[in-house]
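Open the model in your viewer and follow the stops below in order. Each stop says what to select and what is there.

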Amino acid sequence: MTDVERFRAELIEFLERELPRQLGELPPPTADYWGGRKPELPHPSSRRFCELMAERGLTAPSWPKEYGGGGLDKELAKIVQAELRRLRLPLPLIGFGMSMIGPTLLQFGTDEQKREHLPKIIRGEIRWAQGYSEPNAGSDLASLQASARIAGDDIVINGQKIWTSYADKADWMFGIFRNDSGGKKQEGITFLLLDMAQPGVEVRPIKLISGASPFCETFFTDAHAHTRDVIHGIGRGWTVAKALLGHERTMIGDLFGAGSRARQTVAGNPLADLGREYLGARDGQIADPVLRDRIAQVSMDERCFALTMQRSTDAAKAGQKPGPESSIFKIYGTELNQRRHELVLALRGPQCLGWDGAGFDDSELTQTRDWLRSRGNTIEGGTSEVQLNIIAKHVLALPD
Ligand SMILES: Cc1cc2nc3c(=O)[nH]c(=O)nc-3n(C[C@H](O)[C@H](O)[C@H](O)COP(=O)(O)OP(=O)(O)OC[C@H]3O[C@@H](n4cnc5c(N)ncnc54)[C@H](O)[C@@H]3O)c2cc1C
């Protein structure tokens, strides 16, 4: 038996025998678990599932063992993902710790910072929010004004962030704050981590068009952080902020790539099934030829994108950092997701425009809200126009 075969056999033994023995019923593939001090449980066994996986480094298979990761190479890490998918288990833990600040700490953190924060991320103990955008600093992020005043080891924070996703559920924030307004706007920015459970931090949820309130305004009034939680040095935060955006854009692109991958693994084609259900079939084919074409096109594009994202995920596991090409994934993945929602809308017609009431079933009502939520995909993590600017400048080297 080779090492790879032994690893797979031990993993399968653990996933198929040990987990059910310890957990009873296992969480379904849709049970996204974000962790944190006050975790929301999408399934009764989600938390324990995360803990058992974390004990073996399997919440972050490719992160170094010394910080609690699995220390696995690309090939073995891929086996973990494949086996979870095969057994229809969810990832044990998701969130901005895993996808954004964790990889950034691995890149820029000191050993002390990694030892302090990475194990808590890997075990799902701390949930993170991202404090970047401000009312007057979105696309032009470097214009941010929320301030960080350094006073010895203490940092005093004042100002406002906006669109802080899930800030009302998060325990810690990673964010960028201005420590000096003297030089160029990209200078004098400090990237730091702060505990949100303190009197100087106030979070107010914002209600969105979809009816949900997952985004917040976050106000700081003499809030405190510690200089040991400054990443890459005071005033040098812009470099870190940009690197993290690369991870964020890859994550957003991958979200839709992974969604597509998951759809490829279910038998048949869910879009085609919807087409048959709402439009009827003629000679075994979806009755409307124009919508049939659109279904075929979106399905093929999803398949291609899923494969492209898989290649990029493999490269990331091999240690390649996301570059400006992550902007391409971000644009393509988000626009593809919006095209899918528009297509489902066309298939279901007025049944996809319900808000509540007996005339619509649950999946139709959910679809209406998901469609509205998808409008934000091409804004969050940097708008499509901004991604096009990045691609023009840094990928295609076009003149300004
Ligand atoms: C669902 C969602 C979740 C989010 N989560 C977070 C979060 O957790 N943390 C966080 O910090 N932020 C978050 N954001 C904020 C997001 O990063 C900003 O909304 C985004 O960067 C755009 O900034 P803005 O809203 O200020 O728009 P603006 O920057 O004011 O842009 C307005 C319009 O002008 C265009 N534009 C601006 N500059 C240029 C340019 N140079 N060239 C061409 N066109 C341009 C834009 O494309 C856009 O169409 C989230 C946003 C959304 C929608």
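Begin with the lining of the largest cavity, which has 8 nonpolar, 3 polar and 1 charged residues by class. The model is predicted. To show this lining, select Trp34, Leu93, Ile94, Gly95, Phe96, Gly97, Met98, Ile121, Gly124, Ile126, Arg127 and Trp128. The space inside comes to about 70 Å³. A search of the whole structure for cavities of 30 Å³ or more finds 1. Now colour helix 4, residues 96-108: it gives the largest share of the lining, 3 residues.

Next, keep two of the lining residues, Trp34 and Phe96, on screen. The whole structure has 9 aromatic pairs. How are the rings of Trp34 and Phe96 set against each other? Their centres are 5.7 Å apart and their planes meet at 80°; planes over 60 degrees apart count as edge-to-face, so this pair is edge-to-face. Trp34 belongs to the loop between helix 1 (3-23) and helix 2 (46-55), while Phe96 belongs to helix 4, so the pair ties together parts 62 residues apart in sequence.

Buried or exposed, where does Phe96 fall? Phe96 has a relative accessible area of 10% and is buried, because buried means under 20%. Trp34, with 22%, is partly exposed.

Tyr166 is found in the loop between strand 3 (154-165) and strand 4 (172-178), and Trp34 in the loop between helix 1 and helix 2, so the pair ties together parts that are 132 residues apart in sequence. Tyr166 is partly exposed, at 25% relative accessibility.

The charged end of Arg127 sits over the Tyr166 ring, 5.1 Å from its centre. Arg127 is also one of the residues lining the largest cavity.

From Arg127, go on to Trp128, which lines that cavity too. Which residues share an aromatic cluster with Trp128? Select Tyr132, Trp172, Phe174 and Phe191: together with Trp128 they form one aromatic cluster.

For the last stop, select Arg204 and Phe219. Here the charged end of Arg204 sits over the ring of Phe219, at 4.2 Å from the ring centre.

Definitions and conventions:
Residues are numbered from 1 along each chain as its sequence is written. This is a predicted model: local features need pLDDT of at least 70, side-chain atom pairs count only at pLDDT 80 or more; totals for chains, interfaces and linings use all residues. Side-chain values use heavy atoms; hydrogens and water are left out. On a 1 Å grid over the protein atoms alone, a cavity is a set of points where a 1.4 Å probe fits but cannot get out, and a pocket is an open set with protein on both sides within 12 Å along at least five of seven lines; lining residues have an atom within 4 Å of a point. Grid points are joined across faces, edges and corners, and a volume is the space filled by probe spheres set on the points. Helices (H or I, at least four residues) and strands (E, at least two) are DSSP runs, numbered from the N terminus. Ala, Val, Leu, Ile, Met, Phe, Trp, Tyr, Cys and Pro count as nonpolar, Asp, Glu, Lys and Arg as charged, and the others, Gly among them, as polar. Rings of Phe, Tyr and Trp (its six-membered ring) pair if their centres lie within 6.5 Å; planes under 30 degrees apart count as stacked, over 60 as edge-to-face and the rest as tilted. Buried means under 20% relative accessible area, exposed over 50%, partly exposed in between (1.4 Å probe, protein chains only). A charge sits over a ring if NZ of Lys or CZ of Arg is within 6 Å of the ring centre and within 35 degrees of the ring normal.
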